[in-house]
Amino acid sequence: MDLGNKIKKYYKEAELYNSHGLLNEALEKYKSIDGLVKSTRNIRNREGILKQIALKIELTSKKLQKLDGVKATPEVAEDAQSLMKEMYTFDDPEAKGSSALGGAIALAKFGQYDKAIEELNRLLEYDKLRLEAAKNILWCWVQQNYTDYAVSLYQKWRKNKLFPPEEVDSIQAYFTELIDSAGGDHEIDELESQRTVEPDSEIDDDEILDISAVRFVLPRGPKEGEKIELEISFQSGKYIRMIIPRKEKDLIDSINPGDLLKEIVFYSPVAIFSGEGYVSSKNEIDAGPKKADYSLEIKIIKIVS
Amino acid sequence: MAVINLKNRQIECKLVFYGPGRSGKTTNLEYIHKAFKKQVAGKMISIDTEGDRTLFFDFLPLGLGKIKGCDVRVQLYTVPGQVKYKATRQLVLKGVDGIVFVADSLAVRREKNMVSLKDLHENLLKMGLSIRKIPLVLQYNKRDLEKQGLPVMSLKKMDHELNRQLKVPSFTASALSGEGVGNTLNQALKLTLQSLQNEFKWAQ
Ligand SMILES: Nc1nc2c(ncn2[C@@H]2O[C@H](COP(=O)(O)OP(=O)(O)OP(=O)(O)O)[C@@H](O)[C@H]2O)c(=O)[nH]1
Ligand SMILES: [Mg+2]
């Protein structure tokens with residue numbers, strides 16, 4: 001085959017691989033063409049071909065990189081989530097209620113952590129399902145690298161005596177192994193201190209802009225799921241404080257210390273960005289003009305974008 | 001794990017399309033969705049990322065009507081072919097009754113076909129199933145590319161490399177135009193229902 005035809009043939013192949021999403025194969029073929037052309041002097045439109053191939057190589061490499069960066073477990077639409085659950089509802093038909101549990105666990109395994117935790121939280125109310133639901137909630141948090149939060153949750157459960165004595169050992173053993181395998185030095189037995197462990201913040205105080213307001217979804221209570229916007233009354237580095245007027249009773253009940261807010265939008269005079277925060281305190285103000293209003297403090301843990 | 005209700009005379013079974021990334025599993029389902037409208041019993045659900053790669057699975061429910069006095073429903077699933085999604089493939093395989101292995105005829109995908117078949121074997125083993133016992137058919141897809149002068153493996157070679165030991169029914173196909181898709185599906189269903197018959201004696 002003469003060189004011109006060979007190049008044409010290779011090019012056709014590379015383009016097909018590209019269109020099928022076989023990007024590595026396409027890239028390799030483009031590179032062979034590049035090699036062929038470079039090693040030959042007397043070829044028509046040599047510079048033009050080289051330029052075009054270089055562009056193809058660049059574009060294909062970019063596509064590859066982009067695909068590599070795709071999050072492995074994105075949130076999917078609701079109909080897909082219910083299907084994930086259904087796929088597992090035949091799990092162990094003997095055990096009562098286990099299909100709901102099987103479904104929630106399937107969601108967790110598919111990486112639909114938020115939805116899974118939401119459902120597992122509901123299952124905590126059933127005596128028969130509590131232990132498994134709790135284990136899976138802890139698993140979900142650890143999978144998302146919120147081991148600190150998992151620890152504080154576990155401590156809260158123990159403090160509130162969520163588990164009967166015969167289950168305490170089981171969950172303790174499970175959780176110990178879980179955080180061991182996650183690495184890091186987490187102590188789950190500092191129960192005496194009874195402090196909730198706050199997640200570490202990833203940010204330095206001086207990295208943070210002045211924030212004028214925040215918007216987030218209420219995590220619990222009567223207004224669960226509602227979006228609210230609050231003005232910041234005081235900020236010290238990564239700690240921000242806001243006032244909730246006493247008449248907003250429902251709002252006050254919908255957020256508590258220890259809540260993790262996974263999507264906060266921060267408004268600053270110069271930019272809007274989003275991130276995660278941890279409710280570090282909520283107190284009734286006992287003096288001054290704002291007496292009986294509530295002061296809420298959030299620690300910013302992470303800035304996402 | 002099929003759901004078989006002998007009293008109401010209903011069967012529901014699960015067929016999974018397996019194979020390496022980009023071999024045409026989703027394209028098979030899309031064609032079935034389009035061409036077998038009468039049998040389609042619900043929405044097709046596809047979850048993919050950029051570049052159309054399947055992320056978790058595709059899903060298509062079919063209703064085949066009455067077969068030997070039983071109302072037969074089939075759930076078709078595809079797995080994500082990319083190597084890194086092994087765990088997801090395991091999840092999707094759970095409860096499988098029959099498998100269509102979609103191999104890519106492109107010569108550049110020769111090894112990927114073999115790796116994927118091995119991956120299927122391992123995943124089945126983990127669930128206590130054997131690739132030699134489960135209803136299985138092979139599909140050699142993208143045959144149309146041969147006519148376009150692209151490097152495609154010969155059927156003999158593919159059969160030798162993928163089916164020498166398994167010796168299961170194999171079909172040529174061009175899923176994009178639909179050629180061979182119906183044949184593949186029919187045979188896979190036939191084997192699956194037969195194997196359920198042997199196990200549960202559902203037919204009258
Ligand atoms: N020419 C031709 N192209 C095909 C055929 N089957 C699939 N394709 C193309 O191959 C590419 C990949 O097809 P998909 O159906 O998305 O492959 P898949 O097996 O679902 O891939 P993953 O989801 O990544 O595992 C697409 O560009 C299809 O159009 C075929 O028979 N002939
Ligand atoms: Mg696919």
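Helices (H or I, at least four residues) and strands (E, at least two) are taken as DSSP runs and numbered from the N terminus. The model is predicted, and local features need pLDDT of at least 70, side-chain atom pairs count only at pLDDT 80 or more, and totals for chains, interfaces and linings use all residues. Residues are numbered from 1 along each chain as its sequence is written, chains are lettered from A and ligands numbered from 1 in the order in which they are written, and side-chain values use heavy atoms, with hydrogens and water left out.

In chain B, the loop between β1 (3-5) and β2 (10-18) contains B:N8. With a relative accessible area of 49%, B:N8 is partly exposed; buried means under 20%, exposed over 50%, and partly exposed in between (1.4 Å probe, protein chains only). The C-alpha atoms of B:N8 and B:C70 are 8.3 Å apart in space, although the two residues are 62 apart in sequence.

Ligand 1 lies between chains A and B. Of the 21 residues around ligand 1 (one heavy atom within 4 Å), B:K25, B:T26, B:T27, B:T54 and B:G81 come nearest. By class, this shell has five nonpolar, eleven polar and five charged residues, where Ala, Val, Leu, Ile, Met, Phe, Trp, Tyr, Cys and Pro count as nonpolar, Asp, Glu, Lys and Arg as charged, and the others, Gly among them, as polar.

Polar contacts are pairs of N or O atoms within 3.5 Å. Polar backbone atoms of B:R22 and of B:G24 are each 2.9 Å from an oxygen atom of ligand 1. A polar side-chain atom of B:N141 is 3.1 Å from a ligand 1 oxygen. On its own, ligand 1 has 660 Å² of accessible area, of which the protein covers 92% (Shrake-Rupley method, 1.4 Å probe). The largest share, three residues, comes from α1(B).

A:N145 lies in the loop between α7 (127-143) and α8 (147-159) of chain A; its relative accessibility is 67%, so A:N145 counts as exposed.

Key
Polar contact = N/O pair within 3.5 Å; in protein donor to acceptor, adjacent residues only side chain to side chain.
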